[in-house]
Amino acid sequence: MTFNFKSFTTTIERALHLERISRNLERIADLATNIGEDVIYIVEGKVIKHGRYKEGEGA
């Protein structure tokens, strides 16, 4: 049995590229969440970081 190492290398490169993309998308989502939390704090004075704020509670 012989392997075509060129195609195997291409598969690994594609998988690593997708992994990098997913990591960067997660980072973008985390930053967007932080921006949203900061906007809510600036506008409403509510600290909602890490899900600590519940509706009906004071600031």
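Reader: Which residue does Glu19 form a salt bridge with, and how far apart are the closest N and O atoms?

Author: Glu19 pairs with Arg23, and their closest N and O atoms are 2.7 Å apart. A salt bridge here is a side-chain nitrogen of Lys or Arg within 4 Å of a carboxyl oxygen of Asp or Glu. A caution before we go on: this is a predicted model, where local features need pLDDT of at least 70, side-chain atom pairs count only at pLDDT 80 or more, and totals for chains, interfaces and linings use all residues. Residues are numbered from 1 along each chain as its sequence is written, and side-chain values use heavy atoms, with hydrogens and water left out.

Reader: Where do Glu19 and Arg23 lie?

Author: Both are in helix 1, four residues apart, which is about one turn of the helix. Helices are DSSP runs of H or I with at least four residues, strands are E runs of at least two, and numbering starts from the N terminus.

Reader: Is Glu19 buried, partly exposed or exposed? And Arg23?

Author: Glu19 is partly exposed, at 35% relative accessible area. Arg23 is partly exposed too, at 47%. Buried means under 20% relative accessible area, exposed means over 50%, and partly exposed is in between (1.4 Å probe, protein chains only).

Reader: How many salt bridges does the structure hold?

Author: Four. Another one joins Asp38 to Lys49, with the closest N and O atoms 3.3 Å apart. Asp38 lies in helix 1 and Lys49 in the segment after helix 1, so this pair ties together parts that are eleven residues apart in sequence.

Reader: How accessible are Asp38 and Lys49?

Author: Asp38 has a relative accessible area of 37%, so it counts as partly exposed. Lys49 is at 31%, also partly exposed.

Reader: What about Glu44 and its salt bridge?

Author: Glu44 pairs with Lys46, and the closest N and O atoms are 3.2 Å apart. Glu44 is partly exposed at 47%. Lys46 is partly exposed at 21%.

Reader: Which residues do shared partners join into one network?

Author: Glu37, Asp38 and Lys49.

Reader: Tell me about Glu37. Buried or exposed?

Author: Buried, because its relative accessibility is 14%. Glu37 is in helix 1. Leaving out residues up to four places away in sequence, Glu37 touches Ile48, Lys49 and His50. Contact means heavy atoms within 4.5 Å.

Reader: How much of the chain counts as buried?

Author: 3% of its 59 residues. The chain has one helix and zero strands. It exposes about 5600 Å², and carbon and sulfur atoms supply 61% of that. Those areas come from the Shrake-Rupley method with a 1.4 Å probe, and for residues only the protein chains shown count as cover.

Reader: New topic. Which residues make the nonpolar surface patch?

Author: Ile35, Val39, Tyr41, Ile42, Val43 and Val47, covering about 640 Å². Patch residues have over 30% relative accessible area and no salt bridge; nonpolar side chains (Val, Leu, Ile, Met, Phe, Trp, Tyr) are joined within 5 Å, like charges within 9 Å.

Reader: Where is Val47 found?

Author: In the segment after helix 1, and that helix spans 5-44. Val47 is partly exposed, with a relative accessible area of 45%.

Reader: Last one. What separates the C-alpha atoms of Asn34 and Ile48?

Author: 10.0 Å, with the two residues 14 apart along the chain. Asn34 is in helix 1, and it is partly exposed at 35% relative accessibility.
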